[in-house]
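Have the viewer open while you read.

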Amino acid sequence: MQRTLIIDALNSEAAQPAIALCGWIRTRRDAKDFSFVEINDGSCLTNMQCIVDTGTPAHEGLGDAATGAAVRITGERVPSPGKGQKWEVRAQHVEVYGLADPESFPLQKKRHSDEFLRTIAHLRPRTNKYGAMFRIRSEAGFAVHEFFRGRRFSLVHTPVLTGADCEGAGEMFRVTTLEPGAKDLGEDFFSRQCNLTVSGQLEAEALATGLGRVYSFGPTFRAENSNTPRHAAEFWMIEPEMAFADIEDLMELGEGLTRHVVNHVLTHCEDDVNLFDSFVDKGLRERLQHMLAAPFARVPYTEAVEILQKCGKDFTFPVSFGTDLQTEHERYLAEEHFKKPVIVYDYPKDIKAFYMRQNEDGKTVAAMDMLVPRIGELIGGSQREERLHRLEARIREMGQNPEDYWWYLDLRRFGTVPHAGFGLGFERLLMMLTGITNIRDVIPFPRTPGNLEF
């Protein structure tokens, strides 16, 4: 008999004389004449309750299987007399695939701390919270692809191995085949220094000048020795690039993508969002719905600084023109002043990367950051500098060699075009969607300083 997923079994409109379910036992309660066994297969938050009558072949097959055991149960799906559940299964046959020793199985029916669950990241997807988390992650990823496909963007795959530092910060992981202590890069695999990428932007720009609209969605890496709840050494980035586009087009794209993903998750992950709304972040659902109710705010950086200076808040980091906004500033703007997502644009050029288009005032660049409540910066992007002489001068001004970017400069030599793009940190998006406050809890196997388990 073909297996049925529990989500499909629960959503059925009719009883079924024969059904086969597979899953892991969440709870088992034994009575005199029968056992209640609840199983979950990861397809949804809700368990399926199965009744296994004492003295039957099904009960004999169940044996001593308890919480954590993997089983296959076949039987009849019938209406449940229990409150809050539509169906249950009266078991006719039980096959145990794998037992879990109740003395050593670490996931018992109690609340476990996030810190403890990080130490058993290989098992935490079996909990309600993390099962819900990773289903939301899956649906949010699908929504990203759906959004871009609907706007005729082409999915591209940019290199993970790179010889360029897109951000210019130097916080990159080196990749080498040399023995420790070796210094001659000419003997290395690529005969030059190789790093794990911090962004696929530069390569995506090249692809956009041929395909028009592209996006990449993949892993990026940063060797930043930071143990904050917002930073990880390995994370996923969504990076669209558009030819024949300016910063206005970019702001529209960023807002549209964010709203699309929020709406998709609220529609398709109702039970999972309700779990986070009830047990992790009270008011989460209302906050997400509020994001869909009205257009996002937009404010120039200069005006944002004035708002922060006049608000009367005692910030840890003083703010003035030319300073980069800190998380406390970003959250104040989104949570207290505008009370909704806000896009800050036209930042001082001295605090932004070399590839951002310089505005005519000579002081600012056409950069934009989207700030959202509880998170701060979600998206960072800009219109790219398409003028060759301006770009070359800026690279030199930043202390870098234009020859290292010869192919990037070629895009300005041969058919240059106004274009724009941004990066959206997928894990930060997931933190916004779930109310989870630590990035380690929205990645299946987090990579942070000193942590390379699993």
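**Notes on the model**

1. Starting with α10: His329, Glu330, Tyr332, Leu333 and Ala334 of this helix are buried, where buried means under 20% relative accessible area, exposed over 50% and partly exposed in between, with a 1.4 Å probe and protein chains only. Helices here are DSSP runs of H or I with at least four residues, strands are runs of E with at least two, and both are numbered from the N terminus.

2. A word on provenance. This is a predicted model, so local features need pLDDT of at least 70 and side-chain atom pairs count only at pLDDT 80 or more, while totals for chains, interfaces and linings use all residues. Residues are numbered from 1 along each chain as its sequence is written, and side-chain values use heavy atoms, with hydrogens and water left out.

3. What do the buried residues of α10 pack against? Their partners are α9, β13 (342-348), β14 (364-372) and β15 (376-383).

4. Now the helix pair. α9 (residues 301-310) and α10 (residues 327-337) pack with their axes 11 Å apart and at an angle of about 80°. That makes α9 roughly perpendicular to α10, a label that covers 65 to 115 degrees (under 35 is roughly parallel, over 145 roughly antiparallel, the rest oblique). Ala304, Ile307 and Leu308 on the α9 side meet His329, Tyr332, Leu333 and His337 of α10; contact means heavy atoms within 4.5 Å. The axes are lines fitted to C-alpha atoms over the stretch in contact, and angles run from 0 to 180 degrees between N-to-C directions.

5. Two loop positions to look at. Aspartate 33 sits between β1 (16-30) and β2 (34-40). Leaving aside neighbours within four places in sequence, aspartate 33 touches Asp53 and Thr54. Its C-alpha is 8.2 Å from that of glycine 55, which is 22 residues away in sequence. Glycine 283 is in the loop between α7 (270-279) and α8 (284-293), and counts as partly exposed because its relative accessibility is 30%.

6. Finally, the whole protein. There are 13 helices and 16 strands, and the C-alpha trace spans about 85 × 55 × 45 Å along its principal axes. Buried residues make up 51% of the 454 residues. Of the contacts between residues at least 6 apart in sequence, 65% join residues at least 24 apart.
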